[in-house]
Amino acid sequence: MQHSNAFYIDGRWVTPDQPREFPVINPATERPFATLALGNATDVNKAVAAARRAFLPWAAVTIDERLALLRRILALYEQRYDDFAEAIRLEMGSPRTFAHAGQAARGPAHLKAIIQVLEDFPFEIQRGSTRVLLEPIGVCGLITPWNWPVNQVMVKVAPALAAGCTMVLKPSEYSPLSTLLLAEVLHDAGVPAGVFNLVNGDGEGVGAAIAAHPDVDMVSFTGSTRAGIAVAKLAADGVKRVAQELGGKSANLLLDDVDLADAVTRGVAGCFTNSGQSCSIPTRMLVPRPWLAQAAEIAGRAAAGYRCGPTDDPRTQLGPLVNRAQYQRVQQLIEKGIEEGATLVAGGLGKPDGITAGYYVRPTIFSDVTPEMTLAREEIFGPVLSIMPYDTEEDAIAIANRSEYGLAAYVQARDIDRARRVARRLRAGQVHINYPPADFHAPFGGYRRSGNGREWGEAGLREYLEIKAMVGYGISDD
């Protein structure tokens, strides 16, 4: 892969200070297909210095110029769309169909959304005699995970550019190739030197250096809650803003007026999105107790229909997990579910039948799950659905809210007014009513241990802006 042994700093591809080689594994084959150079704090220092030099000139660029740049990035991304999809197929083990229609599609979707926001965003507002200005926060450290590589990078890079910020990005070392492609696109689109900088590395060597760096004004982090806490502690000495999108354990409430077969089948599909490697997917399905056996039977039949296999086969629906450690963790959690007495309806331990290589997990359904069980409490990050019974609507809401997480929740009901009432009572940053399509303008982020701050659309842009009040500015004629 071109540039996999270099970093992008100050508008150039440069040799790392003391590079460490890291094999990039194709999780569908368990074999390396590229080598990545990992950096250190010296590389971070160089990148932050470049971003600091570039900040004031970039912050002074007009909105029209920023819009023109974002539109060039969009056009170049779309020209290389197939390259992005193929990179994600290899680094993530995403089936080709999903890599193309799901993963790679998030890049232009978020770019288009931020362009629409920027076209008429009010950076100055008159409040009586005070002029309120929204100004770029400064140099941003961006740390992204492996599970949605283009999506997670774009929801940080695009609004940071739109706001007038400069940045240093550390993508995950497990899925770096699509981000290297994006760096090439940004360079070809004409992003000024120093505005965007890329340093590959691990959390200990590069992520920590970014979070603690005194010249970084803001850190935007997406990843596990454990790692997010560590980032916040490192950033605390600098009193820098920290935006976090962390873990989730989203409840899916099926109320007692739904079409059960449809609601359950679509709920399984939602849980199995990206092979279950998504923080906001509906992993806890809550159903009325009298319907529990029927819901389990429908879910088990749906899970049995999912095809695992080679990622270049268009018939494959579920790819592998990203690496061996993640595979082993999911196996341990499936085993824990069995030990704690949940009913195994489909799937279970080991790899799918006929598959000997790759970090594939059997599509798994548990029923009779109680709120105390590990399956109901811990984020699994694999294709594992827990079905939980409830007795009343109040009971369902209480179970849904009984979680340390609060990233997303789901409600299904024929009565839309009822669904809306229930949605208002769920303690989550995003509530999905009746399996809606994605809205790339909807604020994305969570309550409690799911993080703070918001991404996507206008909410995402605001994260990269400081508020200045010019008191006594005068009454506007507007």
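These legends walk through close-up views of a predicted model.

View 1. The chain is divided into domain 1, which covers 7-246 + 450-470, and domain 2, which covers 251-433. Notice that domain 1 is written as two stretches of the sequence, 7-246 and 450-470. Taken over C-alpha atoms, the centres of the two domains are 30 Å apart. Where they touch, domain 1 brings 24 residues to the contact and domain 2 brings 28 residues.

**View 2. Here is the surface that the two domains hide from each other.** How much area is buried between domain 1 and domain 2? The value is about 2,100 Å², and carbon and sulfur atoms give 53% of that area. On the side of domain 1, look for E30, W146 and S450, the residues that lose the most area to domain 2. Together these three account for 27% of what the domain 1 side buries.

View 3. Two salt bridges are found between domain 1 and domain 2. Now find E30 and K351, whose side chains meet in a salt bridge with an N to O distance of 3.1 Å.

View 4. Of the elements here, α4 gives the most, with four residues. Sorted by class, this side of domain 1 has ten nonpolar, eight polar and six charged residues.

**View 5. N323 sits in a loop between two helices.** Follow the chain from α11 (292-304) to α12 (324-339), and you will find N323 in the loop between them. Is N323 buried or exposed? N323 counts as buried because its relative accessible area is 13%, and buried means under 20%.

**View 6. The side chain of N323 reaches backbone nitrogens.** One of these belongs to A325, and the side chain of N323 reaches that backbone nitrogen at 3.3 Å. Another belongs to Q326, whose backbone nitrogen lies 2.8 Å from a polar atom of the N323 side chain. Which residues does N323 contact once its neighbours within four places in sequence are left aside? They are Y174 and Y359, so take a moment to find both of these in the model.

Methods
Residues are numbered from 1 along each chain as its sequence is written. This is a predicted model: local features need pLDDT of at least 70, side-chain atom pairs count only at pLDDT 80 or more; totals for chains, interfaces and linings use all residues. Side-chain values use heavy atoms; hydrogens and water are left out. Buried means under 20% relative accessible area, exposed over 50%, partly exposed in between (1.4 Å probe, protein chains only). A polar contact is a pair of N or O atoms within 3.5 Å; within protein, one must be able to donate a hydrogen and the other to accept it, and residues adjacent in sequence count only if both atoms are side-chain atoms. Contact means heavy atoms within 4.5 Å. Domain bounds come from an automatic or database domain assignment. Buried area is the accessible area (1.4 Å probe) that two parts lose on being put together, summed over both. A salt bridge is a side-chain nitrogen of Lys or Arg within 4 Å of a carboxyl oxygen of Asp or Glu. Ala, Val, Leu, Ile, Met, Phe, Trp, Tyr, Cys and Pro count as nonpolar, Asp, Glu, Lys and Arg as charged, and the others, Gly among them, as polar.
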